[in-house]
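Thanks for coming, everyone. I'll walk through one structure today, residue by residue where that helps. Here it is.

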Amino acid sequence: MSAHSTGPAGDSPVRSGGAPLGRPAYGSPRRWWAFLAEHPPPGAATLNRRWRSPLRGPWLTSVYGVVLLVGLPLVFVTGLLDYLAYAPQFGQAFPHDVGWLRLPPFDWPTRPSWLFRLTQGLHVGLGITLIPVVLAKLWSVLPKLFDWPPARSVAQVLERLSLLLLVGGILFEIATGLLDIQYAYLFGFDFYTAHYFGAWVFVAALVTHVALKWRRMRSALRSRPLRRELATGRAATRPERPDPDGLVAVRPGPATMSRRGALALVGGLSVLLAALTVGQHLNGPWRRTALLLPRGRQPGTGPTGFPVNRTAVAAGVDAADTGPGWRLSLRANGRTVTVDRAGLLAMAQHTATLPIACVEGWSTVQTWTGVRLRDLAALVRAGRIGAAHVRSLERTGLFRQATLQANQVLDADSLLALRVNGVDLTLDHGYPARVIVPALPGVHCTKWVAEIEFQGRTDG
Ligand SMILES: Nc1nc2c(c(=O)[nH]1)N[C@H]1C(S)=C(S)[C@@H](COP(=O)(O)O)O[C@H]1N2
Ligand SMILES: [Mo]
């Protein structure tokens with residue numbers, strides 16, 4: 001069978017899955033595969049000799065794989081939770097319409113107040129931290145990309161297709177995620193929609209991949225105890241035994257690095273990325289270390305020196321809108337009550353230390369003072385509350401309005417904040433008044449509030 005003497009696959013002692021090529025029937029797909037095997041593209045026959053690292057093999061691939069198998073589902077689940085935190089039941093989640101991939105919505109809790117900070121922080125932070133592991137895993141299986149013949153059986157074609165979705169999916173998620181947290185919308189499509197659907201494609205491919213490789217991964221991990229591998233230096237590093245997947249180099253070169261060195265390198269890069277990311281959740285000078293998140297950095301110092309996502313100038317909000325003429329309209333049951341800032345300051349003031357956590361991956365905890373949302377509801381005699389719709393005086397912009405669930409209106413720490421850290425809000429932070437609610441995504445903490453409309457409960 002000529003395939004054994006030409007293609008790189010022929011050099012590996014055991015060939016990958018699928019049926020043997022012997023005596024294919026005339027016109028059968030196998031005949032075509034046999035033909036392909038006999039006619040590799042120029043250079044393919046020598047290509048496999050270029051992959052010489054003795055580190056490549058099922059063990060190293062499986063170690064990276066197991067790290068991703070623990071980490072990536074967590075990134076996926078926290079991503080879905082972030083979507084759910086946007087309260088899709090009000091039609092305000094991104095993406096708006098996800099068809100049958102719609103998840104059953106539930107009332108996002110207000111406790112613990114750091115819940116969204118945690119889910120969002122994990123999603124972005126862990127996603128960034130795992131990038132070196134993803135790249136290392138891809139490196140470890142890189143020769144497989146140049147496998148010749150490209151197809152040997154239907155099963156193998158399906159497997160390669162799932163790998164295409166797996167690798168393409170994760171690279172797409174990383175690229176769109178990284179661009180989004182840089183606010184670099186270079187792509188001509190909606191980020192949230194693409195990132196959401198991309199995640200499902202990736203997860204479907206991941207489930208397939210794990211189902212196909214699970215047993216192989218387990219036996220590979222057992223073949224070399226981690227403890228022994230961590231005690232092996234470069235000089236004693238030998239290639240693994242040739243494997244059915246052909247991960248082990250056909251002609252391995254000498255080791256330039258031990259396996260523990262490779263793991264330390266990847267782990268070190270992950271720690272470095274984590275260190276450059278964590279600053280986005282810290283106040284004070286530490287925020288300057290958040291090099292990966294330009295807007296997560298500290299704008300100035302003092303009680304209002306914490307990040308601003310959209311400035312008043314960018315939002316087209318100026319002093320004329322927010323000066324002495326500003327009024328807050330409260331609406332419920334066909335009634336409207338208007339109140340000015342002095343009127344709000346004359347009401348019972350409540351202080352709460354709460355985070356703002358932005359979906360783009362930064363957060364900050366500050367101490368806010370203002371009027372409880374439930375007191376405002378009482379002022380307009382709203383009765384039993386189903387939801388509240390908050391509108392900003394900002395005229396354009398996606399985030400000039402938000403709908404809050406009943407539990408978010410009624411929480412004792414849910415505020416229309418007038419002051420922060422003992423001083424009046426600055427215009428950039430939403431003066432004269434902004435919403436702040438425990439565990440509410442930052443995007444719904446509406447600034448420059450002009451109107452709150454309380455909706456009653458319909459379920460009796
Ligand atoms: N009116 C209005 N409110 C808004 C926004 C906006 O664009 N317009 N951005 C939101 C987003 S995305 C976040 S993360 C927070 C940030 O609040 P800060 O600028 O005070 O830090 O404000 C929210 N409130
Ligand atoms: Mo945000």
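Let me start at S62, which lies in helix 4. This is a predicted model, so keep that in mind throughout. S62 has 7% relative accessibility, so it counts as buried. Leaving aside neighbours within four places in sequence, S62 is in contact with M217, A220 and L221.

Is D82 buried or exposed? It is buried, because its relative accessibility is 4% and the cut-off for buried is under 20%. What does D82 touch, not counting residues up to four places away in sequence? F116, T119, Q120 and H123. One distance for scale: D82 and A34 are 48 residues apart in sequence, and their C-alphas are 49 Å apart in space.

Now helix 5. Helix 5 has 15 residues. From first C-alpha to last, helix 5 reaches 20 Å, close to the 21 Å expected at 1.5 Å a residue. Its buried residues are L115, F116, T119, Q120, G121, H123, V124, G125, I128 and T129. Here is a general point on reading such a list. An α-helix has 3.6 residues a turn, so residues three or four places apart point the same way. What do the buried residues of helix 5 pack against? Helix 4, helix 6, helix 7, helix 8, helix 10 and strand 3.

On to the open spaces. The largest pocket has a volume of about 1200 Å³. It is lined by 42 residues. Which of them lie nearest its centre? K137, V141, L163, H209 and K213. Helix 4, helix 6, helix 7 and helix 8 each supply at least two residues of that lining. Helix 7 gives the most, with eleven residues. The lining of the largest pocket divides into 25 nonpolar, eight polar and nine charged residues.

The second largest pocket holds about 660 Å³ of space. It has 35 lining residues, and the closest to its centre are N309, R310, E360, F399 and V443.

The domain assignment gives domain 1, residues 49-275, and domain 2, residues 312-456. Both domains give residues to the lining of the second largest pocket, so this pocket lies between them. The C-alpha centres of the two domains are 40 Å apart. Their contact takes 26 residues from domain 1 and 28 residues from domain 2.

A quick stop at S258. S258 sits in the loop between helix 9 and helix 10. S258 counts as buried because its relative accessible area is 8%. Beyond four places in sequence, S258 is in contact with L55, T232, G233, R234 and T237.

Last topic: backbone geometry. Most residues other than glycine have a negative phi, and most peptide bonds are trans. So here are the exceptions I'd flag.

A cis peptide bond joins F94 and P95, with omega about -10°. The bond from R111 to P112 is also cis, with omega near -10°. P95 has its place in the loop between helix 4 and helix 5, and P112 lies in the loop between helix 4 and helix 5 too.

Then positive phi. N333 is not a glycine, yet its phi is near 50°. N333 is in the loop between strand 1 and strand 2. With a relative accessible area of 53%, N333 is exposed. A439 has a positive phi of about 65°, and A439 is not a glycine either. A439 lies in the loop between strand 9 and strand 10. Is A439 buried or exposed? Buried, with a relative accessible area of 3%.

That's my tour. Over to you.

How values were computed
Residues are numbered from 1 along each chain as its sequence is written. Chains are lettered from A and ligands numbered from 1 in the order in which they are written. This is a predicted model: local features need pLDDT of at least 70, side-chain atom pairs count only at pLDDT 80 or more; totals for chains, interfaces and linings use all residues. Side-chain values use heavy atoms; hydrogens and water are left out. Helices (H or I, at least four residues) and strands (E, at least two) are DSSP runs, numbered from the N terminus. The expected span of a helix is 1.5 Å times one less than its number of residues. Buried means under 20% relative accessible area, exposed over 50%, partly exposed in between (1.4 Å probe, protein chains only). Contact means heavy atoms within 4.5 Å. Domain bounds come from an automatic or database domain assignment. On a 1 Å grid over the protein atoms alone, a cavity is a set of points where a 1.4 Å probe fits but cannot get out, and a pocket is an open set with protein on both sides within 12 Å along at least five of seven lines; lining residues have an atom within 4 Å of a point. Grid points are joined across faces, edges and corners, and a volume is the space filled by probe spheres set on the points. Ala, Val, Leu, Ile, Met, Phe, Trp, Tyr, Cys and Pro count as nonpolar, Asp, Glu, Lys and Arg as charged, and the others, Gly among them, as polar.
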